[in-house]
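Subject: Structure for your files, with notes

Hello,

Here is the structure for your files. My notes on it follow below.

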Amino acid sequence: MPLTATPPRALPVDAAALIASIEAYLAEQAPKTAHPLVTKTTAQLVAEALATLEAATEQATPALAAPRRLWRIIPDWALALTPARRLHGAGRQITVQQHLELTALVIQQYGHHRGGLRSRGGRRCILGAQAVLYRLGYGDEHTAQAAGARLQNALRRRGINEPYHRWNDRSERTLDDILHLIHSAAAHEVAQ
C-alpha cells in the first residue's frame, strides 16, 4: 500500500505525527496470526474475518502531517537525543522495504533537497531522509546500507553507474524522480 503525505506547508503539526504515521505503517506491515483461541463456529470465524477485511479496506492510509519547523531544522545528531526517539523508534527493527517506503515518506514530508543531506529549511536528500530514520531508531546501520544497495541496484538496472547520492544531487532531479527510484527499489526485491 503506497504511503501518502500532506505537503509540508499545508499543516503546522509536530514530529509526533510523523512518528505516529511511521508506527501506523509498521503496524500495518506486521504479520497477521490466526485467532489465538478458537472457540467459535466456522460460520462465526468467517463472518468475523469478512468484517475485519471490510474494516481494513475502509481504513484510509494514515494521513501524515509535516513536523514542526523546529524538528525539520534541528541537526540530525539531535534527533537521536530526543525523547521521541526513546519512546517510539529506538531500536525498532524494520525491513529494507519498509525503510525505503519510509525514506520516501520523509522526503514527501520534509521536502526534497539537492546538494547536501539537508537544507537550512529542513528539506532532505535521499541520504538525509535515511539519516532521519536511523537517528530516530527505525532500523539500524545494516538496514540503511541494504536500502542503499537496493537504490544503487535500481539505478544500475536503468544503466546508471553513478552513486545514488550524486544522482540525487543533479540539478535536473525532481521529487517525482526521487520517489520513483525509491519506490522501484522497494518493489524490486519483493517481486523476486
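How many of the 15 residues of α6 are buried? The count is 13, so α6 is mostly covered; buried means under 20% relative accessible area, exposed over 50%, and partly exposed in between (1.4 Å probe, protein chains only). Helices (H or I, at least four residues) and strands (E, at least two) are DSSP runs, numbered from the N terminus.

The model is predicted: local features need a pLDDT of at least 70, side-chain atom pairs count only at pLDDT 80 or more, and totals for chains, interfaces and linings use all residues. Residues are numbered from 1 along each chain as its sequence is written, and side-chain values use heavy atoms, with hydrogens and water left out.

Confidence

pLDDT is the predictor's confidence in each residue, from 0 to 100. The chain averages 74, and 62% of the residues score at least 70. Confidence is highest in α8, at a mean of 93, and lowest in helix α5 (residues 83-89), at 53. Over residues 57-67 the pLDDT is below 50, yet this stretch has 32 contacts in the model beyond near neighbours in sequence. Contact means heavy atoms within 4.5 Å.

The chain as a whole

The secondary structure comes to 10 helices and 0 strands. Of the 192 residues, 40% count as buried. Among contacts with a separation of 6 or more, 76% are between residues 24 or more positions apart. The chain exposes about 10600 Å², of which carbon and sulfur atoms supply 58%; accessible areas come from the Shrake-Rupley method with a 1.4 Å probe, and for residues only the protein chains shown count as cover.

The nonpolar core

A nonpolar core is a set of buried Ala, Val, Leu, Ile, Met, Phe, Trp, Tyr and Cys residues joined through side-chain atoms within 4.5 Å. The largest one has 32 residues, and the members that touch the most others are Ile22, Leu100, Leu102, Ile126, Tyr138, Leu151 and Ile182. At least two residues of this core come from each of α1 (15-29), α6 (96-110), α7 (126-136), α8 (141-157), α9 (164-169) and α10 (175-191). α6 gives the largest share, 8 residues. Leaving aside neighbours within four places in sequence, Ile182 is in contact with Leu100, Thr103, Ala104, Ile107, Ile126 and Leu151.

The expected span of a helix is 1.5 Å times one less than its number of residues. α1 has 15 residues and reaches 21 Å from its first C-alpha to its last, close to the 21 Å expected. Its buried residues include Ile19, Ile22 and Leu26. An α-helix has 3.6 residues a turn, so residues three or four places apart point the same way.

For α6, the end C-alpha atoms are 21 Å apart, which agrees with the 21 Å that its 15 residues should span. Just after α6, Gly111 takes a positive phi of about 100 degrees. α7 is mostly covered too, with 8 of its 11 residues buried; Ile126, Gln130 and Leu133 are among them. Just after α7, Gly137 has a positive phi of about 95 degrees.

His99 is found in helix α6. Is His99 buried or exposed? His99 counts as buried because its relative accessible area is 1%. The side chains of His99 and Gln130 are joined by a polar contact of 3.3 Å. A polar contact is a pair of N or O atoms within 3.5 Å; within protein, one must be able to donate a hydrogen and the other to accept it, and residues adjacent in sequence count only if both atoms are side-chain atoms. Not counting residues up to four places away in sequence, His99 touches Ile94, Gln130, Leu133, Tyr138, Thr143, Ala144 and Ala147.

Glu162 sits in the loop between α8 and α9. With a relative accessible area of 18%, Glu162 is buried. Its side chain makes a polar contact of 2.8 Å with the side chain of Arg170. Beyond neighbours within four places in sequence, Glu162 is in contact with Gln152, Leu155, Trp167 and Arg170.

Leu117 lies in the loop between α6 and α7. Leu117 counts as partly exposed because its relative accessibility is 43%. Leu117 and Ala131 are 14 residues apart in sequence and 8.5 Å apart in space, C-alpha to C-alpha. Leaving out residues up to four places away in sequence, Leu117 touches Arg123, Arg124, Cys125, Leu127 and Gly128.

Regards
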